[in-house]
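Q: Could you walk me through this fold, one feature at a time? I'd like to learn how to read it for myself.

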Amino acid sequence: MAETICSLSSANIYQGGNLVLENVNLNVNRGEFVYLVGKTGTGKSSLLKTLYGDLPLKEGQGFVAGYDLRKMDWKKVPFLRRSLGVVFQDFQLLTDRNVYENLKFVLKATGWKDNKLMDEKINDVLDKVGLKSKGFKMPFEMSGGEQQRVDIARALLNSPKLILADEPTGNLDPETSDEIMQLLFHIARDYNTAVIMATHDYIVINRYPARMLKTERGHVFDSATIAAE
C-alpha cells in the first residue's frame with residue numbers, strides 16, 4: 001500500500017483572519033508528482049505555507065512527513081522543514097559564497113557537524129542535479145537553470161520525503177524549464193520523493209502531465225477525483 005506523505009482533511013486555511021480555502025481534503029503519496037494550479041490570489045501560496053509550517057492549521061486535520069500540523073509550534077517547525085525540501089522561484093541563494101558553501105551553510109543550520117559527511121552529502125546532491133563539477137562556482141557565474149538546480153540540490157540535502165516547489169520554472173526559458181521538469185520527475189520516480197509543484201505554466205503541465213490540484217472559489221479541486229466521477 002502506498003505511503004501517505006501529506007494529507008489534509010476537512011482543513012480550513014487562513015491567511016491572517018481571512019478564510020482562504022475551506023474544507024480542503026487531499027492525500028499525496030510517496031513518490032507522487034502533483035501540480036498545484038490556480039489563479040493568483042486563490043490560495044496556492046497559503047496552502048504551501050500551511051504545509052511547511054509558515055501558517056498555522058487551526059481547523060481540520062493535517063499531517064506532513066509524519067508531523068501533525070495542528071500540533072505545530074515554533075520549536076517543531078524546524079524539524080518539519082528538515083523532512084521537506086522547498087524550491088523557490090527566485091532561487092534565494094546566498095550571493096556572497098560559492099555553491100558548495102551555500103549547501104554547507106544549510107547542512108550546518110540543520111544540525112550537521114561532521115565535515116566528511118557534509119562533503120559526501122554535498123557531492124551526492126550536486127551529482128543528482130547534474131552539477132558535480134560546479135561546487136566552486138559563485139551564483140552570479142551560473143545561468144538561471146544552473147541556479148535552479150542548486151536550489152533543488154539544496155532541497156535534497158536532508159533526503160526529504162516531500163519537495164514543495166513554488167513556481168520553479170517561473171523565471172526560466174522553455175528549454176531550461178524542460179530540463180528542470182525532467183529533473184523533478186526523475187527525483188519523484190527514482191528517489192521515491194513526493195513533489196508538489198505550484199505553477200501557472202500550462203505549457204509545462206501539457207508537456208509533463210500529472211495529477212492536478214486546483215485552487216478556485218475558496219476550494220481545492222483534485223483532478224484524480226474529478227476524473228473518477
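Q: Let's start with the hairpin: how many residues lie between E1 and E2, and which residue in the turn has a positive phi?
A: Before that, a word on what you're looking at. This is a predicted model, where local features need pLDDT of at least 70, side-chain atom pairs count only at pLDDT 80 or more, and totals for chains, interfaces and linings use all residues. Residues are numbered from 1 along each chain as its sequence is written, and side-chain values use heavy atoms, with hydrogens and water left out. Helices (H or I, at least four residues) and strands (E, at least two) are DSSP runs, numbered from the N terminus. Now the hairpin: two residues sit between E1 and E2, and Gly16 in the turn has a positive phi of about 65°.

Q: How do I read the pairing, and in which sense do E1 and E2 pair?
A: In general, strands of a sheet pair through backbone hydrogen bonds, either parallel or antiparallel. Two strands count as paired if DSSP finds at least two bridges between them. Here strand E1 (residues 4-15) and strand E2 (residues 18-29) are antiparallel, with eight bridges. Leu8, for example, has Leu26 in E2 as its bridge partner. E1 also runs antiparallel to strand E4 (residues 59-64), joined by five bridges, and there Asn12 is partnered by Glu59.

Q: What is the strand order in the six-stranded sheet?
A: Read across the open sheet and you get E6-E7-E8-E3-E9-E10, with mixed pairing. At the edges are strand E6 (84-87) and strand E10 (219-222), each pairing on one side only. On average, neighbouring strands of this sheet are turned by 20° against each other, direction ignored. Inside the sheet, E3 and E8 run parallel and are joined by four bridges; Tyr35 stands opposite Met197 in E8.

Q: Which strands of that sheet does H6 touch?
A: H6 packs on the sheet against E3, E7 and E8, and its direction makes about 130° with that of E3. For such angles, axes are lines fitted to C-alpha atoms, for helices over the stretch in contact, and the angles run from 0 to 180 degrees between N-to-C directions. A contact means heavy atoms within 4.5 Å. The buried residues of H6 also pack against helix H4 (115-128), helix H5 (144-156) and helix H7 (202-207), among others.

Q: How do I check the length of H6, and what caps its N-terminal end?
A: The expected span of a helix is 1.5 Å times one less than its number of residues. For the 17 residues of H6 (residues 174-190) that gives 24 Å, and the end C-alpha atoms are 24 Å apart, which agrees. The N-terminal cap is Asp173, with a side-chain oxygen 3.1 Å from the backbone nitrogen of Glu175. After H6 comes Asn192, whose phi is positive, near 55°.

Q: How many of the residues of H5 are buried?
A: 12 of the 13 are, so H5 is largely enclosed by the rest of the structure. Its cover includes E6, helix H3 (99-109), H4, E7 and H6.

Q: And how much of the whole chain is buried?
A: Buried residues make up 48% of the 229 residues. The chain has eight helices and 10 strands.

How values were computed
A polar contact is a pair of N or O atoms within 3.5 Å; within protein, one must be able to donate a hydrogen and the other to accept it, and residues adjacent in sequence count only if both atoms are side-chain atoms. Buried means under 20% relative accessible area, exposed over 50%, partly exposed in between (1.4 Å probe, protein chains only).
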